[in-house]
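I opened a new page for this structure today. My plan is to look things up one by one and write down what I find.

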Amino acid sequence: MEDVLRPLIVIGGSVVLTLAIGWATDRLLQKADTRTPHTPLWGLLRRGRIPYQVVLGAALLRGSYVQAGVLPHHRVGVGQTLTLVLIGSTAWLVIRIAAAVVETSYTRYASARMHRDPARVRRVRTQATLIMRVVSALVGVVAVSAMLLTFPEMRAAGASLLASAGIIGVVAGVAAQSTLSNMFAGFQIAFGDMVRIGDTVVVDGEWGTVEEITLTFLTVRTWDERRITMPVSYFTSKPFENWSRGTPQMTGTVFWHLDHSAPVEAMRQKLRDILRECPAWDGRDYSLVVTDSTPNTLQVRALVTAKDADDIFTVRVTVREQMIAWLCDQHPYALPRVNTADAVRPPGIPPARTAHRAYETTPPSGRGRG
């Protein structure tokens, strides 16, 4: 009877004690989170309750399974398994705690500076993301190393491994040269403020927003929702456009090709009216000038401003569409056209003694026949 009750008491007691401690700790964190709503630390720490309970359970079982007398012939194997579970769950818990601390620090910083310096907030977000990835990688490496060292065979082979570490390091360095360069480039991007999560960039002719930055690659989400994945070393070795660098304010251009009779001054007034009705315009500046002319058309350029890349796109398309609609409705003669009618010859001037030309120039009034 004792052989049955002892395992039940030891194992059952360990499980019940684990659940009780885990529940009590979760309740304490929940109350702390309710009392301090200004900080998300306690709520984030609650995400680690599962690895916390696994650590408690593995530790209790590791210390009491010998007294339980369960599987006495496999005592070493059971102990080794519980040790591995304890190391792995401890690493899991450490990563969750580190993530909670980093996320809390970033949230506090962002809430204090989001309205004053959004570019700085994006930089800190990028740094926090990469720091968390580095911490996770280091904890994972340490945990795996600790697991391997629990095997006697690995400890016996440690001397030979250390003796050949120099040769292995050289070989690994040559083989992983590209990976290591990307990792160092990732640190350079994170702490050099070259590009941040949320920045609007143009790479290889593609316009998009930086969506993710890791130690080895960077993901850009384009305007049509495609994802471009590039090695981070690209951004440290080649030029690229960062529209969010410094200040996100931008100036955009809109071009029209119109007839020489286009009412430029009236277009300036219409541009002002369009911008006043456009919420995306930031009110900083606008202008409309003739930038070029050809024998058949004028090139008219409008300059508009907006607070960021998304709004400048909205302003440009709004100005382009409404100006064309206004010209079609109020000044249709200003639209470009190909004149196939004979030129109007003033009275008293004889016809030219040249071959008939397929195209004639538009008369000064801008209104040809036909």
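The entries below go from the whole chain to single residues.

**Ground rules.** I am working with a predicted model, where local features need pLDDT of at least 70, side-chain atom pairs count only at pLDDT 80 or more, and totals for chains, interfaces and linings use all residues. Residues are numbered from 1 along each chain as its sequence is written, and side-chain values use heavy atoms, with hydrogens and water left out.

**Whole chain.** I looked up the secondary structure and found twelve helices and eight strands. Helices (H or I, at least four residues) and strands (E, at least two) are DSSP runs, numbered from the N terminus. I then checked burial: 32% of the 370 residues count as buried. Buried means under 20% relative accessible area, exposed over 50%, and partly exposed in between (1.4 Å probe, protein chains only). The accessible surface is about 22,800 Å², and carbon and sulfur atoms hold 62% of that surface. These areas come from the Shrake-Rupley method with a 1.4 Å probe; for residues, only the protein chains shown count as cover. Next came contacts, meaning heavy atoms within 4.5 Å. Of those between residues at least 6 apart in sequence, 65% join residues at least 24 apart.

I traced an open sheet of five strands with antiparallel pairing, in the order 4-3-2-1-5. Its edge strands are strand 4 (227-231) and strand 5 (241-242), each pairing on one side only. Two strands pair if DSSP finds at least two bridges between them. Strand 2 and strand 3 (residues 217-222) have five bridges, in the antiparallel sense.

**Thr-222.** I stayed in strand 3, where Thr-222 is found. Thr-222 is buried, at 2% relative accessibility. Leaving aside neighbours within four places in sequence, Thr-222 touches Glu-206, Trp-207, Gly-208 and Ile-228. The side chains of Thr-222 and Asp-224 are joined by a polar contact of 2.4 Å. A polar contact is a pair of N or O atoms within 3.5 Å; within protein, one must be able to donate a hydrogen and the other to accept it, and residues adjacent in sequence count only if both atoms are side-chain atoms.

Most residues other than glycine have a negative phi. Which loop holds Asp-204? I found Asp-204 between strand 1 and strand 2, with phi near 50°. Asp-204 is exposed, at 62% relative accessibility. Glu-225 has a positive phi too, about 70°. Glu-225 sits in the loop between strand 3 and strand 4 and is exposed at 63%.

**Aromatic pair.** I found one aromatic pair in the structure. Rings of Phe, Tyr and Trp (its six-membered ring) pair if their centres lie within 6.5 Å; planes under 30 degrees apart count as stacked, over 60 as edge-to-face and the rest as tilted. Trp-281 is buried at 19%, whereas Tyr-286 is partly exposed at 31%.

**Helix 12.** I ended with helix 12 (residues 309-330), which has 22 residues. From first C-alpha to last it reaches 31 Å, close to the 32 Å expected at 1.5 Å a residue. The expected span is 1.5 Å times one less than the number of residues. Asp-308 caps the N-terminal end, with a side-chain oxygen 3.3 Å from the backbone nitrogen of Asp-310. Buried residues of helix 12 include Ile-312, Val-315 and Trp-326. The partners they pack against include helix 11 (264-276) and strand 7 (281-293).
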